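The sequence and the structure follow.

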Amino acid sequence: MTYKKATSSDELVIFEVPNKIIANFIKTKFTSTIQDIVFNITHEKPKVQINVIGEKRKSKKEILSEQNSSIIPENTILNQSYTFESFVVGSSNQMAYNASLAVSNKLGIQYNPLFIYGGTGLGKTHLLQSIGNEAIKKDKSVIYVTIEQFMNDFTFSLKNKNMDHFRNKYRKCDLLLIDDIQFLSGKEETQKEFFHTFNELHTANKQVVLTSDKLPSQIAGLEERLKSRFEWGLTTDIQIPALETKIAIIEKKSELNGIELSKEIIHFIATSLDSSVREIEGLLIKINASADLLGQQINIELVKNLLKEQIADKKDNIKLPNIIEIVSSELNIKPSDLKSSKRSANIVNARRIVIYLARELTHNSMPDIAKFLGMKDHSSVSKNISKANELIEKDENFRLNLENLKNKITTK
Ligand code: ADP
Ligand code: MG
C-alpha cells in the first residue's frame, strides 16, 4: 500500500491499493483507525479515500462531496473472510451458528427474522456476513448495513426527496442483514420506516437477519410492535467462548494469517484474554506485525510484552465511573448504593464486582478504589478482591457474569 503524500492533505487522505478487494477491506475495517491516527497528528479528522491503482481518480471535490452526503453504496460490501468455514464453533455459539447456516440454506423459509444477540467482539457480524457471502454465491440480492447506515440512508433520502429509491433498495432485496439494531433505540422515525421495510420483506418471504447486543425486549426506546416482530422468528445468543473454543479460534486465526504459534503461546493468549474474540484478534495482528515488519522472533516474551501493551492501552481508556455506570445498570443497582455502606446481598455482590473490575481494568491502586467508593481503607478492597477470586474459582455463574460485564466495559 502506498501513501500518496503528494495528493493527500489534512482534510483528505488518499491511499492507493492494487485491487478492489483490498480497497473494500481497508475501507470497511480501517477508515476510522486511519482517521484517528491522522487526527492525533493534525487535530483534524480527514476524509479517507482508497484508490485502486489504474482506476480513474476522482477529483478531490467529488470525493469530499460524496463523503459529506453520506450516500450508502448500492452494492453491499461484505468482508469476504467472514465465512462459515472460518468461524470456529463451540458451545458458546453453536446455536447461533446452526441457525445462521439453516437460514442461509433456506432463505425466507425458516426462522424469519433470525435475531442474533450477544456481547461485543463475539462473532455476530462474522455470522451475519457469512449468511450474506453464501447468498451472494447463489446470486441473491443482499443488503448488509449497520442500523446507523440504514438511518443515514433514510435521512438522506428523505431530505433529498428520494424515498422511492430508498424503498426500492431496501424492500426489494432477497436478504436484508442489519447489524447492531440496538441503535434503533429512541429513533422514532427510523423505527417507523424500518417497521414497513420489515413487513414488506416478511410478507414477501424475504429473509431478514438482525444482530444486537441485547434481546429485543431489553432494547429501551424500541416500539413494542418492532420488539414483537423481532421475536417472530428465532432469537439466539452468542456467549463468551470457553477456553477450548478460544484455543481453536487462535489456532484458526493464526493459520489464516500464516503465523506459527507454539502450544504454550496459544494457551497463554487464551487464558489471558477472556472477554472478546476481537481482543484476541487484535493481539494476533500485533504479533504478526512485530514478526513481519520488525523481524522479531515470536516467543513467549514477545507475546507477553505485546499483551502488556494491549492491556495498558485498554486501561488508559477505562475510568472508575465507567465501571460503576455499567455494573449498576446491568445489575440494576443505584450507582449511589455502590458507594454507600449498605449491606444487602445484591449490593455487596455488585460492590465486590466493581472493586474487582476496577483493579483489573483500570490503573487505580487499592487506596484509590477505597477512596472512590467511600470505604475506610484499602484492606476492605483487598478482602473483596480475594473473595472475588475465590468465587471465580468455584462459582461458574459469578465468573460468567463477570466476563460479560468485562466485555461490556472494555468494548464500550
Ligand atoms: P461482534 O459483531 O459480535 O461484535 P465480530 O463478528 O466483529 O463481533 O467478531 C470480532 C472478530 O472476532 C471478528 O474478526 C471475527 O472474525 C472474530 N470471531 C469471533 N468469533 C469467532 C469464531 N467463533 N470463530 C472465528 N472468528 C471469530
Ligand atoms: Mg458487530
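Are phenylalanine 198 and phenylalanine 230 buried or exposed? Phenylalanine 198 is buried, as is phenylalanine 230. The model discussed here is a predicted one.

## Aromatic pairs

Across the whole structure, 11 aromatic pairs are found. One of them joins phenylalanine 150 to phenylalanine 194 in an edge-to-face arrangement, with 5.4 Å centre to centre and 90° between the planes. Phenylalanine 150 belongs to helix 5 (residues 147–159) and phenylalanine 194 to helix 7 (residues 188–203), so this pair ties together parts that lie 44 residues apart in sequence. Phenylalanine 150 has 0% relative accessibility and therefore counts as buried. Phenylalanine 194, also at 0% relative accessibility, counts as buried too.

Phenylalanine 198 and phenylalanine 230 form another edge-to-face pair, at 6.3 Å centre to centre and with 65° between the planes. This pair links distant parts of the chain, with phenylalanine 198 in helix 7 and phenylalanine 230 in helix 8 (residues 224–230), 32 residues apart. The rings of both pairs belong to a cluster linked by ring pairs, whose members are Phe115, Phe150, Phe154, Phe166, Tyr170, Phe194, Phe198, Phe230 and Trp232.

## Charges over rings

The charged end of lysine 304 sits over the ring of phenylalanine 268, 5.6 Å from the ring centre. For lysine 339, the charged end sits over the ring of phenylalanine 372, at 4.2 Å from its centre.

Five strands make up an open sheet in the order 5-6-7-4-8, with parallel pairing. Strand 5 (142–146) and strand 8 (234–238) are the edge strands, each pairing on one side only. From one strand to the next, the twist averages 15°. Strand 5 runs parallel to strand 6 (residues 175–179) and is joined to it by five bridges. In this pairing, valine 142 stands opposite leucine 175 of strand 6.

Two helices that pack on the sheet are described here. Helix 3 (residues 94–105) touches strand 4 (114–118), strand 7 (207–212) and strand 8, and the direction of helix 3 makes about 135° with that of strand 8. Helix 4 (residues 124–137) touches strand 4, strand 5, strand 6, strand 7 and strand 8; the direction of helix 4 makes about 160° with that of strand 6.

## Strands 2 and 3

Strand 2 (residues 12–17) pairs with strand 3 in the parallel sense over six bridges. Leucine 12 stands opposite lysine 47 of strand 3. Strand 3 (residues 47–52) is mostly covered, with five of its six residues buried.

## Nonpolar cores

Which residues have the most contacts inside the largest nonpolar core? They are Ile323, Val327, Leu357 and Ile409, in a core of 30 residues. Two or more residues are given to this core by each of helix 13 (320–331), helix 15 (345–361), helix 16 (366–372), helix 17 (378–394) and helix 18 (396–410). Helix 15 gives the most, with nine residues.

Leaving aside residues up to four places away in sequence, leucine 357 touches Ile323, Val327, Thr362, Leu402, Leu405, Lys406 and Ile409. Another core, of 25 residues, lies apart from the largest one and includes Phe150, Ile181, Leu184 and Leu210.

## Backbone geometry in loops

Most residues other than glycine have a negative phi, and most peptide bonds are trans. The peptide bond from asparagine 112 to proline 113 is cis, with omega near 0°. Proline 113 is placed in the loop between helix 3 and strand 4.

Aspartate 139, a residue other than glycine, has a positive phi, near 60°. It is found in the loop between helix 4 and strand 5, and its relative accessible area of 72% makes it exposed. Lysine 161 likewise is not a glycine but has a positive phi, of about 50°. Lysine 161 lies in the loop between helix 5 and helix 6 (163–171) and counts as exposed at 77% relative accessibility.

Definitions and conventions: Residues numbered from 1 in each chain as written. Chains lettered and ligands numbered in written order. Predicted model: local features only at pLDDT ≥ 70, side-chain atom pairs only at ≥ 80, totals over all residues. Heavy atoms only, no water. Phe/Tyr/Trp six-rings, centres within 6.5 Å; stacked < 30°, edge-to-face > 60°. Helix = DSSP H or I, 4+ residues; strand = E, 2+ residues; numbered from the N terminus. Buried < 20%, exposed > 50% of the residue type's maximum accessible area, 1.4 Å probe, protein only. Lys NZ or Arg CZ within 6 Å of the ring centre and 35° of its normal. Pairing = 2+ DSSP bridges. Axes fitted to C-alpha atoms, helices over the stretch in contact; angles between N-to-C directions. Contact = heavy atoms within 4.5 Å. Core = buried A, V, L, I, M, F, W, Y, C linked by side-chain atoms within 4.5 Å.
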